[in-house]
Amino acid sequence: MLFAGTNGYQGRGGLPEYVQSVKVGIGKEDGMRLENLIPYQKALMDKIPHGHKIKDEHMGSVVAVLGLMEEGHEYLNSIGVKAWRANPQPREEQLEELTDMLFFYLELVILSGFSVDEVEIEYKRKHAVNMDRYKRAEQNDYGWDTRGQKEGL
Ligand SMILES: [Mg+2]
């Protein structure tokens, strides 16, 4: 169950001290009321200088990423990843969904201003990085992964 508050908080590593000093009144003893979180979220949103407005020049990329996400979900559905709907679609329909993703990816490449050559070079660079990571993982070496090592996260 999602809850926030100073009393009974059981999240990762406890709350920072400055947060503990704030009585938010939505701890376990008060019951979880989502509406009590709304003022907190509104205060946070007021700090966003552009008010969540997306610049016109970014809208095409936003729509393309949404399309890529949608097609990714359609592809996953087509191969039957849902436990409650596990029958895969015919292969030709899976191929269509997989290809639908490519449309949006190529749209993103065009909108980004990067050339296909730049993407290819970057792909090969990142491929080498990822291969190195797998190679190190085989040796149980995850030294490159520093996630979770910062305090207060
Ligand atoms: Mg589709």
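Guide: One term to start: helices here are DSSP runs of H or I with at least four residues, and strands are runs of E with at least two. Also, this is a predicted model.

Visitor: Okay. How many helices and strands does the protein chain have?
Guide: Five helices and zero strands. Along the sequence, the pattern reads α-α-α-α-α.

Visitor: How much of the protein chain is buried?
Guide: Of its 153 residues, 3% count as buried.

Visitor: Let's zoom in on α3. What's its span?
Guide: Helix α3 covers residues 56–79, which is 24 residues. From first C-alpha to last, α3 reaches 36 Å, close to the expected 34 Å.

Visitor: And what comes after α3?
Guide: Glycine 80 follows α3, and its phi is positive, near 85 degrees.

Visitor: Back to burial. Which residues of α3 are buried?
Guide: Ala64, Glu71, Tyr75 and Ser78. What covers them includes α4, residues 91–112.

Visitor: Why does glutamate 71 count as buried?
Guide: Because 20 other C-beta atoms lie within 10 Å of its own, and the cut-off for buried is 20 or more.

Visitor: Which residues does glutamate 71 touch?
Guide: Leaving out residues up to four places away in sequence, glutamate 71 touches Glu97, Asp100, Met101 and Phe104.

Visitor: How far apart are glutamate 71 and methionine 101?
Guide: In sequence, they are 30 residues apart. In space, they are 5.4 Å apart, C-alpha to C-alpha.

Visitor: What about contacts across the protein chain?
Guide: Take contacts between residues at least 6 apart in sequence: 36% of them join residues at least 24 apart.

Methods. Residues numbered from 1 in each chain as written. Predicted model: local features only at pLDDT ≥ 70, side-chain atom pairs only at ≥ 80, totals over all residues. Buried ≥ 20, exposed ≤ 12 C-beta atoms within 10 Å, placed from the backbone. Contact = placed C-beta atoms within 7 Å. Expected span 1.5 Å × (residues − 1).
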